[in-house]
Amino acid sequence: MHTCAVLDNATVKCWGSGGNGRLGTGDTNDLGDVPGEMGDALLPINLGTGVSAIAVTAGGEHTCVLLTTAAIKCFGNGMDGRLGYGNQNSIGDSPAEMGNALAAVNLGTGRTVLAVSAGLAHTCAMLDNSTVKC
């Protein structure tokens, strides 16, 4: 229902259906459906101070970003635990939920993430010890 891209400056931009905050803009507005919303007008997602993106994956109604810190931050529809925060809350539909307020997903003490992939209603991460957690 949406698309995201990592740009050459390690920022992420998303467009399409904005429901549940899946675009990371701090609201639920759709982007790219009317003239003037793309290009320079499409702002990068605020992932927090001093962090950049390595990869992004878009599920059906959620998005996860692999950061240069080898951590993952997810936002959008939290139903069924797909964001990995231990609840079913939608995150990213309010500006106060993005940036430094957006927590990294806890995948275990001392673990770092090598890759992330979001499906329709789940997310999986490959960790530094060659295990996969979903």
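The model is predicted, so local features need pLDDT of at least 70 and side-chain atom pairs count only at pLDDT 80 or more, while totals for chains, interfaces and linings use all residues. Residues are numbered from 1 along each chain as its sequence is written, and side-chain values use heavy atoms, with hydrogens and water left out. A search of the whole structure finds 3 disulfides, and the count of salt bridges comes to 2.

**Disulfides**

- A disulfide is taken here as a pair of cysteine sulfur atoms within 2.5 Å, and with the bonded cysteines numbered in sequence order the pairing is 1-2, 3-4, 5-6.
- Cysteine 4 and cysteine 14 form a disulfide with their sulfur atoms 2.0 Å apart, and this pair links strand E1 (residues 2-6) to strand E2, the two cysteines being 10 residues apart; strands (E, at least two residues) and helices (H or I, at least four) are DSSP runs numbered from the N terminus.
- Cysteine 4 is buried at 16% relative accessibility, and cysteine 14 is buried at 2%, where buried means under 20% relative accessible area, exposed over 50% and partly exposed in between (1.4 Å probe, protein chains only).
- Cysteine 64 is joined to cysteine 74 by a disulfide, S to S 2.1 Å; because cysteine 64 lies in strand E4 and cysteine 74 in strand E5, the pair ties together parts that are 10 residues apart in sequence.
- Cysteine 64 is buried with a relative accessible area of 0%, and cysteine 74 is buried at 1%.
- The disulfide between cysteine 124 and cysteine 134 has an S to S distance of 2.0 Å and is right-handed, with 110° about the S-S bond; cysteine 134 is exposed, at a relative accessible area of 70%.

**Nonpolar core**

- The largest nonpolar core has 27 residues, and those with the most contacts inside it are Val12, Leu47, Ile72 and Phe75; such a core is a set of buried Ala, Val, Leu, Ile, Met, Phe, Trp, Tyr and Cys residues joined through side-chain atoms within 4.5 Å.
- Strands E2 (12-16), E4 (62-67), E5 (72-76), E6 (113-118) and E7 (123-127) each supply at least two residues of this core, and the largest share, 4 residues, comes from E4.
- Leaving aside its neighbours within four places in sequence, leucine 47 is in contact (heavy atoms within 4.5 Å) with Val12, Ala53, Val65, Leu67, Lys73, Phe75 and Gly99.

**Salt bridges and arginine 82**

- Aspartate 80 forms a salt bridge with arginine 82, the closest N and O atoms being 3.1 Å apart, the rule being a side-chain nitrogen of Lys or Arg within 4 Å of a carboxyl oxygen of Asp or Glu.
- Aspartate 80 is exposed at 59% relative accessibility, whereas arginine 82 is buried at 9% and lies in the loop between E5 and E6.
- Arginine 111 and aspartate 128 meet in a salt bridge (2.8 Å, N to O); arginine 111 is in the loop between E5 and E6, and aspartate 128 is in the loop between E7 and strand E8 (132-133).

**Sheet**

- An open sheet of 3 strands has the order E6-E7-E8 with antiparallel pairing, two strands being paired if DSSP finds at least two bridges between them.
- E6 and E8 stand at the edges with a single partner strand each, so one side of each is left without a neighbour in the sheet.
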